[in-house]
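Welcome! Here is a short briefing to read alongside the sequence and the 3D view.

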Amino acid sequence: MRTSFTPAAAAAGGLFIGASVWVLFVGIGRIPGISGIVRGLLRRGEGAGDRAWRGAFLVGLILGPVLASAAAGRPLIRPDPASTPVLAAAGLLVGVGTGLANGCTSGHGVCGVSRLSPRSLAATALFMACGFLTASVLRRLL
Amino acid sequence: MKLRTTVVGLAAGLLFGAGLALSGMTNPAKVMNFLDVTRWDPSLALVMAAAIPVSALAFRFAARRERPLFGAAFSLPEKTRLDASLLIGSALFGLGWGLGGYCPGPAVASLSDANAPLLGFLAAMTVGMLLAGLIGRRRALQGDQGRPKIRR
């Protein structure tokens, strides 16, 4: 399925994500790394205060697209055309990978890169390269 | 204090989720067309291009403050070494992302309109994260270098 080039919408969304970094980091000193926030909730022994903001963030993360869709007047959440087995395999790789790497597109790709963290720059270069390679070549060999 | 941090968390989550949806990140077909150069739609490069400078300003602003508005201290990752976990993990993550078009944020953000494939992705992702936690703990027990001790 082809999709059209929508640079203005993409950049506007990026500004919202940057605003989220402002609110969370200047507000409570935390960074919005989604895999890290989810993993924090999966860990036992996390402080109650930490669980509260993490849980609230995820509630907002789920409600945000609902509000954005209402504002845009069209559904912005689209289904994935991939099959359930493929997505389950993809999910396992994403879970293990972001767990081992301590971050994903948000924690390393946005927050880490904007701090010029060497670990995040390396992680982002690698997952982008592997993402391009898999989507462009490898998945066709399956 | 807990109420304030919860409200800040909720506000940040709303902004993040709205941003993902507006940008097109909650449309996996668009993500796949970004990652697939044979039918390239470069739109999503603009998400990072816009988010990164705004975030960089937030970190610079925060660096001049002693503490966050509602919290004791700024919390940032302390590791600096490029270790095997980071590199192997990032490669595996890229593989999974290029296979399905979901990274963790958009997958969770799509939950209000969930279907079986998305739930399958999220369940497997949770299992993967727990697995990575077990691997990390084992490596920590085996010493700082994360190398198994071999006795001869």
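Of the 152 residues of chain B, 47% count as buried. Please keep in mind as you explore that this is a predicted model. The briefing begins with chain B, moves on to its contact with chain A, and ends with a visit to one residue, S114(A).

**Chain B by itself**

- Chain B has six helices and zero strands, so its pattern along the sequence reads α-α-α-α-α-α.
- The C-alpha trace of chain B spans about 60 × 45 × 30 Å along its principal axes.
- The radius of gyration of chain B is 19 Å, whereas a compact globule of 152 residues would have one near 15 Å.
- Among the contacts in chain B with a separation of 6 or more, 41% are between residues 24 or more positions apart.

**Where chain B meets chain A**

- How many residues does each chain bring to the contact? Chain B brings 105 residues and chain A brings 103 residues.
- About 9300 Å² is buried between chain B and chain A, and carbon and sulfur atoms give 76% of that area.
- Three residues, F16(B), F59(B) and L99(B), supply 8% of the area that chain B buries against chain A, which is more than any other three residues.

- The rule finds three salt bridges across the interface of chain B and chain A.
- In a salt bridge, the side chain of D36(B) meets that of R139(A), at 2.7 Å from N to O.
- Between chain B and chain A, 22 residue pairs are in polar contact, with both residues at pLDDT 80 or more.

**Which parts of chain B touch chain A**

- Helices 1 (2–23), 2 (28–35), 3 (45–63), 4 (84–100), 5 (104–109) and 6 (116–141) of chain B each supply at least two residues of the side that touches chain A.
- Helix 1 of chain B gives the largest share of this side, with 19 residues.
- By residue type, the side of chain B that touches chain A divides into 66 nonpolar, 30 polar and nine charged residues.

**A closer look at S114(A)**

- You will find S114(A) in helix 5 of chain A, which covers residues 105–114.
- Is S114(A) buried or exposed? S114(A) counts as buried because its relative accessibility is 11%, and the cut-off for buried is under 20%.
- The side chain of S114(A) reaches the backbone oxygen of V110(A) at 2.9 Å.
- Leaving aside neighbours within four places in sequence, S114(A) is in contact with I52(B), S55(B), A56(B) and F59(B).

Note on methods: Residues numbered from 1 in each chain as written. Chains lettered and ligands numbered in written order. Predicted model: local features only at pLDDT ≥ 70, side-chain atom pairs only at ≥ 80, totals over all residues. Heavy atoms only, no water. Contact = heavy atoms within 4.5 Å. Buried area = accessible area lost by both parts, 1.4 Å probe. Salt bridge = Lys/Arg side-chain N within 4 Å of Asp/Glu carboxyl O. Polar contact = N/O pair within 3.5 Å; in protein donor to acceptor, adjacent residues only side chain to side chain. Helix = DSSP H or I, 4+ residues; strand = E, 2+ residues; numbered from the N terminus. Nonpolar A, V, L, I, M, F, W, Y, C, P; charged D, E, K, R; others polar. Rg over C-alpha atoms; globule rule 2.2 N^0.38 Å. Buried < 20%, exposed > 50% of the residue type's maximum accessible area, 1.4 Å probe, protein only.
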